[in-house]
Amino acid sequence: MNANDKEKIRLGKKAWEERTAGKERQKKFMTVSSVPIKPLYTPEDVEDLDYMKDLNYPGAYPYTRGVQPNMYRGRNWTMRQFAGFATATESNERYKYLLSQGQTGLSVAFDMPTIMGYDSDHARSFGEVGRVGVAIDSLDDMETLFSDIPLDKITTSMTINAPASILWCLYIATAEKQGVPSHKLGGTIQNDILKEYIAQKSWIFPPEPSMRLITDIFDFAAQHVPKWNTVSISGYHIREAGSTAVQELAFTLADGFAYVEAGMKAGLDVDAFAPRLSFFFNAHMDFFEEIAKYRAARRIWARRMKEKYGAKDEKSLLLRFHTQTAGCSLTAQQPENNIIRTAYEALGAVLGGTQSLHTNSMDEVLSLPTEKSVRIALRTQQIIAEETGVTNTIDPLAGSYFVEALTNQMEEEAEKYFERIDNYGGVLEAIDEGFFQQEIADAAYRYQQEIEKDERIIVGVNGYTIEESQDIEILKIDPQIEENQRKRVQRVRETRDNIVCNNRLEALRKAAGTSDNLIPVILDAVRAYATEGEIVQVLREVFGEYKEKPIF
Amino acid sequence: MNTNRKIRVLVAKPGLDGHDRGAKVVARALRDAGMEVVYTGLHQTPEQVVEAAIQEDVDLIGLSVLSGAHMTIFPRICELLKENNAEDIMVMGGGIIPEDDLKELLEKGYAQALWTPGANTSEIVKWIQEAMADKAS
């Protein structure tokens, strides 16, 4: 752009501003994250954008336009619905149903006792077994969960964090039983403990031993399970806890950098484990803000990995991510509207270049989804892929003055957060000070206040409301399930070789006190049908438990 | 009830679930409305919740449950309140609670008020103020 063109644009904008001043329908225009939005974006907003340096081509550094050269023209994203409820038997049926309906990957939701490391017959599990996911106590359950599902042909994502090492070993051992060697296994364990302390709050052990389990997984995977994504660094829960888009972006990437630093500190070469790190983001309602978030995320990650951590392997620079539409955006009022919300959110994720996607079901704000609602959710993705045409060209919003300006702004704001986190001394220190927790609580409260002051309208909640009673079908979990699962785990303890099992638990206890890699000993324990609760209990005794200082 | 005394509320997260956004937003709204709020933090057993409620001498317990364990947790809390002769402490709650369960919990008196996603904090504040005024009169 020459000086003459610039001047024309400036004058044109001035004239336009004079024509429109004071004629707006509301006082404030802002994103879902309360970021003010200008009425119009022009070339002035992206004056400094350097195409080759800041965008470049898809599949080329800094990957703003996508991590693969041809993106969805080559292959669509993986349609991976998060599913699991009751026991392994019911969940196995749901997985087979989803696969028969065109889903292309599995994603396992575990129940709270499994997530927190308690067996189904533990007192703390009372009332929670099989409620928000599937109950998995031992190898016996895992074998059932994947029965007649060939683990060399399908990839599986497992949403498990504090006890991720154990569930991963259960998966590897199940594959062994199917005759599938570990180097053929593909999938993801969430395994992101930092975001647990920050937002999701399903922790067991203190940060230090938790980080050690994670670097043990990096090391073991590099040698034995090379196709596995060892951490899914998750912004999803940070956002669900109430963060803004920028906080989600910044805190998630900061966690990612912390894992990289932990791996390097454990003596691993960055390129040995960084290619297996993946990400998990939220897709909230603000369409452009979300798209800008994904684009900024790719660019920031690539730049840091190359410039700060000296990664040489191109795969270490690629930010690959799964997306889930925002559960927190769904309303219990007029729940069918959630189908529409989810569709727009999914469209944002696709235009942002996601590698894999879960679309929420309309009834998730009331209970776990029914088969019908989960089918509609899956069809939402299929309609985007097959009918809308948005996959026909790559990163179609690139060059939009607004999208590029917002992408730049997100990157700048994230950098400011990185600086603040550095000032605390790092992510763990900032967690300790309650920094993330307070930032998120503040944002969540501000958002709620904006709704209550009608500064933002949520359809069906504070606008367009109707008198209604709930008339959609709800999935009910039979309380008998809990009783059955309790008996099942007790039967496992009675029928296994308890001498072998105890020896292996003792071996784990010893190894936990050294700096040896714990994965081989955990794998041995699960092969002997040691339960998840027993393994966690051994580690809890050695590592201790994390306690949070509650703030609001 | 002494009218000078502030309304005291225990906001609690029973069970294993860690989704504390709703609990925190409500806790803060109640505090902003002039109430004394004690927040238990996460992963509380029903016993811990009731013990804290008695120790803190609260008028009301607000339970946040999103894990589907509401039909176990609410009755258990009420049972414990009864055992401890603390039935004058009211119980309200919120979370992912299907309508049928919601009706049952209210009808059986396991909770005096329940809210689901999309609820307004000012409506919660108003309910508490009215409930406390009724209790005092």
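I started with the UniProt record, an unreviewed entry, which puts the feature "domain: Methylmalonyl-CoA mutase alpha/beta chain catalytic" at residues 31-545 of chain A. I then looked up the make-up of that span. Residues 31-545 of chain A are 51% helix and 7% strand. The end C-alpha atoms of the span are 39 Å apart.

**Confidence.** I noted that this is a predicted model. Its scores are ipTM 0.89 and pTM 0.94. For chain B I read an average pLDDT of 93, with 98% of the residues at 70 or above.

**Sheet in chain A.** I traced an open sheet of five strands in chain A, in the order S1-S10-S9-S8-S7. The pairing is parallel. Which strands stand at the edges? They are S1 (78-79) and S7 (231-234) of chain A. Each has a single partner strand, so one side of each is left without a neighbour in the sheet.

I followed one pair further in. Strand S8 (residues 277-283) and strand S9 (residues 321-325) of chain A run parallel and are joined by five bridges. In one of them, A:Asn282 has A:Gln324 of S9(A) as its bridge partner.

**A:Thr323.** I stayed on S9 of chain A, where A:Thr323 is found. Is A:Thr323 buried or exposed? The relative accessible area of A:Thr323 is 0%, so this residue counts as buried. I also checked A:Thr323 against A:Val350: 27 residues separate them in sequence, and their C-alpha atoms are 9.0 Å apart.

**Second largest pocket.** I recorded a volume of about 950 Å³ for the second largest pocket. Its lining has 47 residues. Those nearest its centre are A:Arg80, A:Asn229, A:Arg276, A:Arg320 and A:Gln355. By class I found 17 nonpolar, 21 polar and nine charged residues in the lining. Several elements of chain A each supply at least two lining residues, among them S8 and S9.

Most residues other than glycine have a negative phi, and most peptide bonds are trans.

- The peptide bond from A:Tyr61 to A:Pro62 is cis, with omega near 0 degrees. A:Pro62 is in the loop between helix H2 (51-55) and H3 of chain A.
- A:Ser34 has a positive phi, near 65 degrees. I located A:Ser34 in the loop between helix H1 (3-20) and H2 of chain A.
- A:Gln334 is not a glycine, yet its phi is about 45 degrees. A:Gln334 is in the loop between S9 and helix H15 (337-351) of chain A. With a relative accessible area of 13%, under the 20% cut-off, A:Gln334 is buried.

I then looked at two strands of chain B. Strand S1 (residues 8-12) and S2 (residues 36-39) of chain B run parallel, joined by four bridges. B:Arg8 has B:Glu36 as its bridge partner in S2(B). Which residues of S2(B) are on the covered face? They are B:Val37 and B:Tyr39. B:Glu36 and B:Val38 make up the uncovered face. In a regular strand, side chains alternate between the two faces of the sheet.

Key
Residues numbered from 1 in each chain as written. Chains lettered and ligands numbered in written order. Predicted model: local features only at pLDDT ≥ 70, side-chain atom pairs only at ≥ 80, totals over all residues. Heavy atoms only, no water. pLDDT = per-residue confidence, 0-100. Pairing = 2+ DSSP bridges. 1 Å grid on protein atoms, 1.4 Å probe; cavity = no way out; pocket = protein on both sides within 12 Å on 5 of 7 lines; lining within 4 Å. Points joined across faces, edges and corners; volume = space filled by probe spheres on them. Nonpolar A, V, L, I, M, F, W, Y, C, P; charged D, E, K, R; others polar. Buried < 20%, exposed > 50% of the residue type's maximum accessible area, 1.4 Å probe, protein only. UniProt positions renumbered as here; feature names shortened; annotations may be inferred.
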